[in-house]
Amino acid sequence: MLPKEQAEKFVSLWKEFEMKETPEARFAAALDRLMTPLINAHSNGGTWKEIDVPLEEMLKNNEHAKKGSQVVWGLIQRFLEEGHTQGHISKNEA
């Protein structure tokens with residue numbers, strides 16, 4: 001739908017994001033991973049209560065964010081751990 005030159009640029013940026021090989025792409029991916037914890041933390045647990053994924057699994061699924069930003073990874077950890085403390089995220093009992 002975009003003119004060819006713009007479309008090629010957006011596709012190139014998307015591929016860069018997906019490959020996560022550049023610092024910018026890793027940072028963008030870290031920010032992308034932050035969105036769900038941020039939203040759920042500010043909506044009384046949001047989908048965390050519905051999906052019932054244990055804290056350890058959520059931390060593991062988001063761990064690659066630290067390659068993009070230690071600060072963002074710290075925020076993700078904080079939101080997830082607070083969600084667990086508030087009873088919105090279960091603790092893996094295995």
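Predicted model: local features only at pLDDT ≥ 70, side-chain atom pairs only at ≥ 80, totals over all residues.
The axes of helix H2 (residues 23–41) and H5 come within 9 Å and cross at roughly 20 degrees. Two packed helices are described by the angle between their axes and the distance between the axes.

**Helix H2 with helix H5**
- Because angles under 35 degrees count as roughly parallel, H2 and H5 are roughly parallel to each other.
- The handedness of the crossing between H2 and H5 is left-handed.
- On the H2 side, the contact is made by Phe27, Ala30, Leu31, Arg33, Leu34, Pro37, Leu38 and Ala41. H5 contributes Val72, Leu75, Ile76, Phe79 and Leu80.
- Sorted by class, the residues of the contact of H2 with H5 are 12 nonpolar, no polar and one charged.

**Helix H4 with helix H5**
- Helix H4 (residues 55–62) and helix H5 (residues 70–85) have axes that come within 10 Å and cross at roughly 165 degrees.
- That angle makes H4 roughly antiparallel to H5, because angles over 145 degrees count as such.
- The crossing in which H4 passes H5 is right-handed.
- From H4, Leu55, Met58, Leu59 and Asn62 take part in the contact. Their counterparts in H5 are Trp73, Ile76, Gln77, Leu80, Glu81 and His84.
- The contact of H4 with H5 comprises six nonpolar, three polar and one charged residues.

- Helix H1 (residues 4–19) has 16 residues, which at 1.5 Å a residue should span 22 Å. The end C-alpha atoms of H1 are 22 Å apart, in agreement with that expectation.
- An α-helix has 3.6 residues a turn, so residues three or four places apart point the same way.

Technical notes: Residues numbered from 1 in each chain as written. Heavy atoms only, no water. Helix = DSSP H or I, 4+ residues; strand = E, 2+ residues; numbered from the N terminus. Expected span 1.5 Å × (residues − 1). Axes fitted to C-alpha atoms, helices over the stretch in contact; angles between N-to-C directions. Parallel < 35°, antiparallel > 145°, perpendicular 65-115°, else oblique. Left-handed = near helix turned anticlockwise from the far one by under 90°. Contact = heavy atoms within 4.5 Å. Nonpolar A, V, L, I, M, F, W, Y, C, P; charged D, E, K, R; others polar.
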